[in-house]
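Please keep the structure open while reading.

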Amino acid sequence: MLGSLDCMHWKWKNCPTAWAGQYAGRSGSPTIILEAVADYDLWIWHAYFGLPGTNNDINVLESSHLFSNLASGIAPPAHYVIQGKEYDMGYYLADGIYPKWSTIVQTIRDPHSQQKKYFAMKQESCRKDVERAFGVLQSRFAIIAGPSRFWRKKVLHDIMTTCIILHNMIIEDERDLNAPIQDAVEAPTPTIEMVIDENLRFEQFLARHKKIKDKNVHFELRNALIEHLWEQRNNFEN
């Protein structure tokens with residue numbers, strides 16, 4: 001699990017009148033969306049800012065660069081085994097609005113069995129990391145807690161980027177050095193093969209893109225996680 005994925009709206013008080021209809025979302029006021037991925041210690045690994053508030057989380061995900069490296073075949077390797085099956089793509093925790101992709105794990109809306117209830121509880125508790133990160137980000141920097149009074153969108157982008165960088169610097173400075181965090185393992189240098197045939201290169205890109213959006217793998221991975229977490233719970237109790 002690489003982190004939790006969600007979006008936050010920043011109110012744009014001085015949005016130009018000509019753009020107000022484009023940026024006014026559910027709240028009725030113009031907003032700009034921040035998409036972010038955060039982990040358990042609130043470190044923000046991914047941030048995509050700038051889409052109008054009329055978009056939903058799915059539109060933002062389709063526009064962002066979150067999976068661009070993965071689709072291009074240049075993302076860092078991720079190999080793990082769950083319930084005896086090997087996987088080669090990391091995944092993010094997200095809420096129910098996001099699509100059912102192989103790289104996104106959602107909760108179960110109405111769980112009936114004990115296994116599914118336990119999984120939903122664990123997923124929803126971990127998914128709060130990104131919401132906590134948004135709250136801490138706004139509490140630390142008052143400039144993004146309230147409505148923005150700047151006119152230029154580029155200025156807003158610079159402000160949000162700066163606040164996220166400073167937030168990560170604070171997280172790194174305050175991180176408990178004695179915490180049981182596994183040291184980073186240096187990945188082997190990826191081997192790059194030059195592809196002369198552009199048609200083959202495009203077909204490989206489409207294959208990776210299709211693999212990311214594989215709905216069957218999404219349910220397969222979620223079911224494997226349900227069984228894995230339930231086994232861990234039973235082993236802990238015993």
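Buried means under 20% relative accessible area, exposed over 50%, and partly exposed in between (1.4 Å probe, protein chains only). Helices (H or I, at least four residues) and strands (E, at least two) are DSSP runs, numbered from the N terminus. The model is predicted: local features need pLDDT of at least 70, side-chain atom pairs count only at pLDDT 80 or more, and totals for chains, interfaces and linings use all residues. Residues are numbered from 1 along each chain as its sequence is written, and side-chain values use heavy atoms, with hydrogens and water left out.

**Helix α4**

Helix α4 covers residues 114-140. α4 bends by about 30° at Val130. That bend is the angle between axes fitted to the seven residues ending there and the seven starting there. Val130 is also buried. Other buried residues of α4 include Tyr118, Phe119, Ala120, Phe134 and Leu137.

**Salt bridges**

The structure holds eight salt bridges. Each is a side-chain nitrogen of Lys or Arg within 4 Å of a carboxyl oxygen of Asp or Glu. Three of them are listed here.

| Pair | N to O distance | Relative accessibility |
|---|---|---|
| Lys85 and Glu220 | 3.6 Å | Lys85 36%, Glu220 35% |
| Glu131 and Arg127 | 3.7 Å | Glu131 31%, Arg127 10% |
| Arg132 and Asp129 | 3.0 Å | Arg132 40%, Asp129 9% |

Lys85 forms a salt bridge with Glu220. Lys85 lies in strand β5 (residues 85-87) and Glu220 in helix α8 (residues 215-237), so the pair ties together parts that are 135 residues apart in sequence.

Glu131 and Arg127 are four residues apart in α4, about one helical turn. Glu131 is partly exposed, whereas Arg127 is buried. Arg132 and Asp129 are three residues apart in α4, again about one helical turn. An α-helix has 3.6 residues a turn, so residues three or four places apart point the same way. Arg132 is partly exposed, whereas Asp129 is buried. Salt bridges that share partners join Arg127, Lys128 and Glu131 into one network.

**Ile97**

Where is Ile97? It sits in the loop between β6 (92-94) and β7 (104-106). Ile97 is partly exposed, at 39% relative accessible area. Ile97 touches Asn56, Asp57 and Ile58 (heavy atoms within 4.5 Å), not counting residues up to four places away in sequence. The C-alpha atoms of Ile97 and Asp6 are separated by 9.9 Å, and the two residues are 91 apart along the chain.

Notes: The expected span of a helix is 1.5 Å times one less than its number of residues.
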